[in-house]
Amino acid sequence: MHDPGIFLKQHFYPYKELLHYSGTEPVLRFCAEWLNGKEQFPIHTSGSTGKPKELYHTARQMRKSAEMTKALMKAQPSDRWLLALDPGTVGGRMVLVRAMEWKISAKVVLPSSDPLEELDPQHDCTLVSLVPYQLENILECTDSLNKLNRFRIILLGGSSVSEELEQKLEKIGPLILHTYGMTETCSHVAVRHLNGPNPQEAFYPLPEVSVGLMENGCLWINTPSAESNPVRTTDLAELEPNGGFRLLGREDFAVNSGGVKILPEEMEKLWEAEIHRHFPGCRYFACGLPDPKLGQKLVLFIEGTPPDGNTDLLAALKAQSPRYKAPKEIIFAPRFSETASGKIDRNRSILSWGKTN
């Protein structure tokens, strides 16, 4: 039997601070179970597209995922992980697995919008997994940005990356890899470079992963890190001749407005610059709401309070939108709901707004 306390003292630091961290119990429990040979672990999906569901990951799956990531990142004995995600999510849990399997150290910090805020300016961490919302906040603080530049590689996952954020990353020192994956695949199965000498537009599967399209245009995935294959997704995609793929949007987010199929993510990207010109730094998403004539109407949700005066944003978006794909309304919500991994929970955000209107 292994004592997880001894392991954490040797590999996770600062150990005393870890004991006072509110997430200590799940970290200790998971490490103890892993080190003592447990073969199956329950985990919940994020719930960003519906009700969270419980799945099980096997130790074999997680080891294989950690092995593929080790090859991807060319892990070195001197590497140190920073765990800045909720350890109850697949992204956070896999940081623990990688540290234990690679036999390197990890520092555990409280998940927050800026997890580098309390980090020592001279920290020796080289690897970190973040979500775009965290990275956005880090870039707004000079001290946190200086700490970010001490890392070697940043894995960025959990949601899409805006064009505005991509432009900010061009001059960041560490290599930033935008990852694609899901709970069912036990973390990422494809990546694209966001900066460096060869930034990429498309995602490219890891060496042992293959992808294709189903009849409905959604992606399927074969990966050794999944319990069964193929993994059928609801992600609409297009395949590149060189083996990469581009994500178009989620089939379950698609809006049918008067017989016209609209992908909200496609419109969000088109509207991004105009929205940020009117409401800098605000989060937003597009979705369909019931409409007696159209069946569904496309609306834009913006996080924040309505402006005191009139805004011409709606007119501007209508002018730049393809025919029949313009938003019918802009709705302001004080605060969006989030999943445990920090993604906008569209369904809960819409429900919360509906209860107050």
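Author: Met62 touches Phe30, Trp34, Phe41, His57, Arg93, Met94, Val97 and Cys186, leaving aside residues up to four places away in sequence; contact here means heavy atoms within 4.5 Å. This is a predicted model, in which local features need pLDDT of at least 70 and side-chain atom pairs count only at pLDDT 80 or more, while totals for chains, interfaces and linings use all residues. Residues are numbered from 1 along each chain as its sequence is written, and side-chain values use heavy atoms, with hydrogens and water left out.

Met62 belongs to the largest nonpolar core, which has 28 residues; Phe30, Trp34, Met62 and Trp81 touch the most other members. A nonpolar core is a set of buried Ala, Val, Leu, Ile, Met, Phe, Trp, Tyr and Cys residues joined through side-chain atoms within 4.5 Å. Buried means under 20% relative accessible area, exposed over 50%, and partly exposed in between, with a 1.4 Å probe and protein chains only. Two or more residues of this core come from each of helix H3 (24-35), strand S2 (40-44), H4, strand S4 (80-83), H5, strand S5 (105-108) and strand S7 (153-156). Helices (H or I, at least four residues) and strands (E, at least two) are DSSP runs, numbered from the N terminus. H5 gives the largest share of this core, eight residues. Apart from this core lies another, of 21 residues, among them Ala84, Ile138, Ile176 and Leu194. In soluble globular proteins, nonpolar side chains tend to be buried together.

Helix H4 comes next. H4 covers residues 59-73, 15 residues in total, and reaches 21 Å from its first C-alpha to its last, close to the 21 Å expected at 1.5 Å a residue. The expected span is 1.5 Å times one less than the number of residues. Buried in H4 are Ala59, Gln61, Met62, Lys64, Ser65, Ala66, Met68, Thr69 and Met73. After H4 comes Lys74, which has a positive phi of about 50° although it is not a glycine. Lys74 lies in the loop between H4 and S4 and is exposed, with a relative accessible area of 64%.

Arg93, Met94 and Val97, all touched by Met62, are among the buried residues of H5. The end C-alpha atoms of H5 (residues 90-102) are 18 Å apart, which agrees with the 18 Å that its 13 residues should span at 1.5 Å a residue. Of those 13 residues, 11 are buried, so H5 is largely enclosed by the rest of the structure. The buried set also includes Val90, Gly92, Val95, Leu96 and Trp102. Lys103 follows H5, with a positive phi near 60°.

Cys186, another contact of Met62, is found in the loop between strand S8 (175-182) and strand S9 (187-193). Cys186 has a positive phi of about 60° although it is not a glycine, and at 0% relative accessibility it counts as buried. Cys218 also counts as buried, at 0% relative accessibility. With a disulfide taken as a pair of cysteine sulfur atoms within 2.5 Å, the count comes to zero disulfides.

As for the whole protein, there are 11 helices and 19 strands. Of its 357 residues, 50% count as buried.
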